[in-house]
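Hi everyone, thanks for coming.

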Amino acid sequence: MSRLVYVNGNFVPEAEAVVSVFDRGFLMADGVYEVTSVLGGKLIDFAGHCVRLARSLAELDMTNPHSDAEWLALFRQTVELNAVVDGMVYLQVTRGNPGDRDFAYPNPAVPPTVVIFTQSKPGLAQSPAAKAGWKVISVPDIRWGRRDIKTVQLLYPSMAKMVAKAAHVDDAWMVEDGMVTEGTSNNAYIVKGNRIITRHLSQDILHGITRAAVLRFAREAQMEVEERPFTIAEAQGADEAFITSASAFVTPVIEIDETPVGTGNPGPLALRLREIYLDEMQKTAI
Ligand code: PMP
């Protein structure tokens with residue numbers, strides 16, 4: 001079934017969903033995005049994604065074209081029109097098409113380009129990869145210095161994913177100055193006893209919406225949380241490791257650079273957090 005895609009005010013069949021070749025998203029990667037999961041036809045942590053969207057736009061001096069209530073109505077309409085039960089909603093907002101190509105932002109600003117599309121993933125929360133756990137390798141983190149802004153500039157994470165694929169593993173953890181920053185499209189964690197260790201928030205990593213919720217649930221479940229950087233060696237010697245993202249939720253990591261983590265099986269704490277996260281977030285899904 002062809003999807004219906006929202007483009008600048010209209011829902012159109014995907015073959016007709018087009019933007020200008022002069023769009024700054026295409027020419028300059030001048031745009032931001034959000035990925036929100038859908039479970040049972042409902043949006044997971046919609047409010048969290050709205051807050052980060054507003055922040056990403058503000059950091060790039062772009063005006064938010066919609067209120068949170070308007071975004072909610074558009075997201076819901078896109079999910080309904082495409083009959084998505086489980087899957088993802090992708091929102092892309094770029095600085096639009098000023099006509100001529102120019103490094104300077106258009107002044108006055110031109111209307112942003114807004115695209116919303118869905119990807120259906122039946123059984124998203126029961127992914128076999130989550131039960132088996134992921135194997136990861138480490139790669140250098142050579143991305144730009146504002147990783148806290150969720151821009152569409154995803155070439156290096158995409159290259160790192162290809163390095164992981166070539167090594168027959170599931171993902172790559174990026175390392176800068178000897179310390180893990182994050183996964184290609186997820187936040188990284190290790191576990192020692194009852195303590196969860198994950199890098200503190202800064203411009204060096206994306207402020208994961210799933211990260212915020214998972215750390216809140218962990219504290220509520222009397223787990224200890226320490227926000228600081230860690231090395232690959234420390235991770236290899238940890239009891240458990242895991243990642244979080246809006247589409248992978250909490251997924252255990254069982255091997256890092258060919259070294260098994262803990263028993264080499266998904267860890268109990270990661271599995272428990274995954275269960276809590278999915279239970280709690282489905283209760284508040286809208
Ligand atoms: N870090 C990076 C680099 C990412 O691309 C993502 C996913 N967009 C995350 C972390 C996780 O963020 P979230 O939990 O909001 O999906």
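A quick definition first: a polar contact is a pair of N or O atoms within 3.5 Å; within protein, one must be able to donate a hydrogen and the other to accept it, and residues adjacent in sequence count only if both atoms are side-chain atoms. This is a predicted model, where local features need pLDDT of at least 70, side-chain atom pairs count only at pLDDT 80 or more, and totals for chains, interfaces and linings use all residues. Residues are numbered from 1 along each chain as its sequence is written, and side-chain values use heavy atoms, with hydrogens and water left out.

So, to the contacts. On threonine 210, a polar side-chain atom sits 2.6 Å from a ligand oxygen atom. In glutamate 182, a side-chain N or O atom is 2.6 Å from a nitrogen atom of the ligand. Alanine 246 uses its backbone: an N or O atom there is 2.8 Å from an oxygen atom of the ligand.

Now the space itself. The ligand takes up the largest pocket, meaning more than half of its atoms lie within 2 Å of the grid points. A pocket here is an open set of points on a 1 Å grid over the protein atoms alone, where a 1.4 Å probe fits, with protein on both sides within 12 Å along at least five of seven lines; lining residues have an atom within 4 Å of a point. That lining counts 48 residues, with Tyr33, Lys150, Thr184, Ser185 and Asn186 nearest the centre.
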